[in-house]
Amino acid sequence: MMKIFYIVLLFLPLWSYAEDDLVFLHSSAAKLVIRYHPQFQSISSFPPHNVFLFETANCSYRPIPEKHLLPVRQLILAVPEQARVVINAEVGHRTFVAANQVSILSESRDSLDAALFHTGEPASETFLFKQPAVLGPSIRIRRQPVRLLWLLPVLYDPLLKGFWVNEEIIVSIEMVSQTADGLCAAPCPSTFLLSQSPAGGDIPLKPGHSPASVHLSGAKWFRMTTQEEGIYRLDYQTLLTAGLKPADLNPDYLHIYYGGGEEQSPRLDSDPPTIGEIPSHFDDRNGNFVFDSEDGLLFYAQSVSGWRYRDGRWRHVMNHYNRTNCFWLCLKEGPRKKMGLRSPSLQGFEKLPSVRVYRDRLFQENERTLVNDSGLEWMWETISQPGSRSISFAVADSATADSAYLSWRIQGLSENHHLIQLSLNDHSLSSYDLGYTLGLTSTVAFSGQILQPINRLGVKLFSQNSTIGFDWFELIYGRWLHAEEQQIFFYSTGYQGWTRFLIRGFSHQSPAIFDITYPDQVTRINWSFADSAQGLVAVVDSLDRARENRYLALTSDRFHSVADLSYVPYDLHTHLKAASQQADYLILAHPSLLGPALEKFVAHRSRCSYWSDQSDPKLMVVTTQEIYDQFSYGLVDPVAIRNFLKWCFEHWRRAPAYVLMIGAPTYDFKDHLSLGKPLLVPAYENGNSVSDDW
Ligand SMILES: [Ca+2]
Ligand SMILES: [Ca+2]
């Protein structure tokens, strides 16, 4: 049966005073999107060091001389008993006013909680000033169940001790049906009846698409491959190519998931991998909450081999099996995880000392020479006695004077003592006596020896008949905050409290700034031009000394586009993991090997004559990609295959008695040797041997 919902909006009481403050951006089946421009009497002229009086007066705009009214908008929504209202509010441009410049008087205790103020700070129990849109409890007006919705133009910031004055609030109001068990089902088809006042009179609606007109039955998954670290923009055309109609999709239903990009632990008792939602930002160019051709969904992508912040320090990790990373688009109902926005007041921060140098980290590991034919141990250089190697690397914008740290790893490759000297640009850094086939990771501090742009790391071996390998190095050094080609990654290492970073080098466009310390907590940061003629950008943030933030500042032309978005025809959480699965004979093949030959083989093996004890033998073909999707979040990993087989034996209704793997392994997983050997089914390397006993 079709349920008809009506959302009735009533504006109380003197609604006619400001008729342009509410704009209906969008209305559709069960959704309404409104843009609210609070009509402050003098929002643009808040002079400093003056006392202002905000008055909470509902949406009454009675002009009172010398009072700056707080134009709280009150809307009334007619909500059927079986419906639930989902509110989502975002604020646009806003201005900061310090609390000591404002005093607040509440006049309307009948419908709004009194905003109790003591010394310029709101009482903790008031909901006012905490979020831009607040939904009141369910009440009845003439037997009609309704909810009150307040749009609040001023938010209190306890950290900065002051108020953000919102010049724009975009609020989406969505009705969803509520089933008996309290879960949210598909949006109910409905019609809007909009009324300006109890006396009637419809507000004309602007024509537009109907995002909620597409019904989603369960989650739909799409795989995305990312090549390098950065901000990716999933655009209209890519969604279209994947078979979606972006304009019909609710942008809130586009969820991005990610598994961490790292190799699985080979331990048998390790926890199964999980994917989690990461924040995204809907780049809605025309602000209509519809995914138009100019719009995009932004998210931050880590690289598979790169920096991770763990246990209070930055570490470089290496994924031995993958060069590219895997992210997921999940289309499902319910609001996606949104990227937060840190928006410190940029006024008054000129007085803070400005930071122009940061500690950068450079990690280089070149995988050129294989040790013992083991795919996991590659060396950059091998050196035999007596001999030396020089390794060149480039450093940009180094700020000298500061001390720097160099860490590296060397590996003994012969049964001798190895006498080694390490130097940087012909200055000796340290000497070692390394025994036999041991490995050594060491760090040395130094200052003043970094050159620009080319540096030479020297490794000299003195001992007779010995062989060593040079594995990797890491350099931590002072570097100027200078964007290269409109992009810079930088760290907050060593700074604390309110800090102002001054970045040079942004020339032709305004950058976007992201805190990318944790991929599941990526946040945008507001900034300002300290000097727009020079492209000097000021980023202000409050820093905790115990946490080394990592930031990415870049212009939009440095955003990467998602090159492939491919539909996955199964649910990532249930497909191969379902307890109802069964197979007697499991065939595990690389997707490129599916085809007539394999089909013929399956038909052949399915004949009952091969199976003395089975009248109905079950053969099943599973691709390596299906296994990766569910057991290593989409990445190539031999541990995923082992863990999948373990899962079959522990959970399936009928576990396979036979497993046939079709494909071939190679120890050159990432094709360092450029031999072009495909990695069809990866094998687990333990030292220099491949084994199934692990
Ligand atoms: Ca749009
Ligand atoms: Ca290596």
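**Close-up views of a predicted model**

**View 1. Three strands line up in parallel as an open sheet, in the order β49-β48-β50.** Strands here are DSSP runs of E with at least two residues, numbered from the N terminus, and two of them pair if DSSP finds at least two bridges between them. β49 (619-623) and β50 (658-662) stand at the edges with a single partner strand each, so one side of each has no neighbour in the sheet. From one strand to the next, the twist averages 20° (axes are lines fitted to C-alpha atoms, for helices over the stretch in contact; angles run from 0 to 180 degrees between N-to-C directions).

This is a predicted model: local features need pLDDT of at least 70 and side-chain atom pairs count only at pLDDT 80 or more, while totals for chains, interfaces and linings use all residues. Residues are numbered from 1 along each chain as its sequence is written, chains are lettered from A and ligands numbered from 1 in the order in which they are written, and side-chain values use heavy atoms, without hydrogens and water.

**View 2. Strand β48 (residues 585-589) runs parallel to β49, joined by five bridges.** Look for Ile587, whose bridge partner in β49 is Val621. Helix α2 (residues 596-605; helices are DSSP runs of H or I, at least four residues) packs on the sheet and touches β48, β49 and β50 (contact means heavy atoms within 4.5 Å). The direction of α2 makes about 170° with that of β48.

**View 3. Glu365 (OE), Trp378 (O) and Asp471 (OD) coordinate the calcium ion (ligand 2) at 2.3 to 2.4 Å.** Donors are N, O and S atoms within 2.8 Å of the metal, or 3.2 Å for Na, K and Ca; water is not among the atoms, so sites may look incomplete.
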